[in-house]
Amino acid sequence: MKRVLYVLLALLLCSSMAFAAGEKETAAAGPVAEKTVKLVYAEVNPLDTIVGKTGTYFKEQVAKLSGGTVIIDIQASGVLGSENDVLDSILGGGTSIDMSRISAFALTSYGAAKSKLLSIPFTFENRAHFWAFANSELAPEFLNEPQTIGLPIRGIFYGEEGFRHFFTVKKVASMADLKGLKLRVSNDPVMNGMVKGLGASPTVVSFGELYSALQTGVVDGAEQPIANYKSNAFQEVAPTMILDGHTLGAIQVVITDTAWNKLSEKQRSAIMEAGKLAQAYNAEISEGAENEVLAKLKAEGTNIVEVTNKGEWADACKAVIEENTKSQAALYQQIKALK
């Protein structure tokens, strides 16, 4: 009996020694390495635009902060489709796109009521007004709206691509000259209402088809931020731009829940920290980049029309402003008060 006990004790001692040795070996090997994750990022504009440069900077910061374990593959110039195509794919359960840069109000047609307030014409008086919002306590409430209404995406950070202006095939000199023109719009009630208020005819055309639509007369004009206008060569077919600045081109970057769930906590932190840095970078470059593009357009002979009285433009949009803010009047006034 004693012999059996001795054998059992010996076996127990050996097992303990082996377990301790295993623990030392694991400790010596260090923590388990992060799994490398590749995320496809959709961008409708070229990489040389403000939003393209912002995306590239974000990509670089993510790689740096994640130790190279999160790789962002930016698919620019609309190769993955328009913003609505991308959102339709993502929200419909598609998994080929993990992230996207979208207009901040693109989620309006998917039930994001707060996002609509960012598309209301003449809401932001200047860039400083927008950045006061983007860096305020209100901003996270807007970024997190998709999660609160059950959409499978989450916002990471805000940015802007400059104020949006109308451009036309024929020369225009004032708001009155827009009357009767067919102006391209996305399928958005605010934009439709704004164009009608200006006396023009809203015409839905996808962004990818806009150049040819201008070239063939399907539409007489459209609207875009200055940098996007030039990078997409719209000045070749619509060489007049009137600087009415009706809407600030607010943007945000979103990530799908599916992609988010692939990331470790450390990788998620890297994504969010990179977002903060990218937001600051966007604020730093946007105005200078836009002014540089505007100077080039003028030098190349584009007809740039200054608007000295934006009050009449805002008055023409009064009905669409009131109609689309009345259900969230208090929240809208909070945004307005940040100027």
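What share of the contacts in the chain with a separation of 6 or more comes from residues 24 or more positions apart? In this predicted model, such pairs account for 76% of those contacts.

The chain holds 15 helices and nine strands. Its radius of gyration is 26 Å, whereas the globule rule gives 20 Å for 339 residues, a value that the chain well exceeds, so the chain is more spread out than a compact globule. The C-alpha trace accordingly has to be read along its principal axes, where the spans are about 110 × 45 × 35 Å.

Helix α15, which runs over residues 329-336, has Leu-331, Tyr-332 and Ile-335 as its buried residues. Because these buried residues fall within an arc of 100° when α15 is seen down its axis, they line one face of the helix. The cover over them includes α4 (113-116), α5 (127-134), α6 (138-143) and α14 (318-325).

Is Thr-168 buried or exposed? With a relative accessible area of 1%, which is under the 20% cut-off, Thr-168 is buried. Leaving aside residues up to four places away in sequence, Thr-168 touches Leu-178, Leu-181, Asp-220, Gly-221, Ala-238, Pro-239 and Thr-240, and the side chain of Thr-168 also reaches the backbone oxygen of Lys-170 at 2.6 Å.

Methods
Residues are numbered from 1 along each chain as its sequence is written. This is a predicted model: local features need pLDDT of at least 70, side-chain atom pairs count only at pLDDT 80 or more; totals for chains, interfaces and linings use all residues. Side-chain values use heavy atoms; hydrogens and water are left out. Buried means under 20% relative accessible area, exposed over 50%, partly exposed in between (1.4 Å probe, protein chains only). A polar contact is a pair of N or O atoms within 3.5 Å; within protein, one must be able to donate a hydrogen and the other to accept it, and residues adjacent in sequence count only if both atoms are side-chain atoms. Contact means heavy atoms within 4.5 Å. Helices (H or I, at least four residues) and strands (E, at least two) are DSSP runs, numbered from the N terminus. The arc is that of the directions from the helix axis to the C-beta atoms. The radius of gyration is taken over C-alpha atoms; the globule rule is 2.2 Å times the number of residues to the power 0.38.
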